[in-house]
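Me: I have a chain to look at. Can you take me through its sheet and its salt bridges?

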Amino acid sequence: KQSDPTMTGKTQTSNVTNKNDPKSINSRVFIGNLNTAIVKKGDIEAIFAKYGKIVGCSVHKGYAFVQYMSERHARAAVAGENARIIAGQPL
């Protein structure tokens, strides 16, 4: 018997944010100056989920990418979070 993924309460977003589809590049957000020693993938998803459906999130040393379903959501996230202070550093 397979469990229904909607019953777990937490859906997993993909770690893939570097799709080669040219349309997806405009719905991807680069997050720079990120204190990745403190800020983790779940934190980033929690901050950026309010702007739209996140299909991928990848965290690297000092930066991250968030891949949205649409360019409109990505633009809203950039407008809303640019220069926000997270873990003592402005994004």
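Predicted model: local features only at pLDDT ≥ 70, side-chain atom pairs only at ≥ 80, totals over all residues.

Me: In what order do the three strands form the open sheet?
Reply: Strands are DSSP runs (E, at least two residues), and helices are too (H or I, at least four), numbered from the N terminus. Two strands pair if DSSP finds at least two bridges between them. S1 (28-31) and S2 (54-60) each have a single partner strand, so they stand at the edges. The antiparallel order is S1-S3-S2.

Me: Which residue in S3 stands opposite Cys-57?
Reply: S2 and S3 (residues 63-68) run antiparallel, joined by six bridges. Opposite Cys-57 stands Val-66.

Me: How far apart are the closest N and O atoms of Lys-50 and Glu-81?
Reply: A salt bridge puts a side-chain nitrogen of Lys or Arg within 4 Å of a carboxyl oxygen of Asp or Glu. Lys-50 lies in the loop between H2 and S2 and Glu-81 in helix H3, so the pair ties together parts 31 residues apart in sequence. Their closest N and O atoms are separated by 3.4 Å.

Me: Is Glu-81 buried or exposed?
Reply: Buried means under 20% relative accessible area, exposed over 50%, partly exposed in between (1.4 Å probe, protein chains only). Lys-50, at 56%, is exposed. Glu-81 has 3% relative accessibility, so it counts as buried.

How values were computed:
Residues numbered from 1 in each chain as written. Heavy atoms only, no water.
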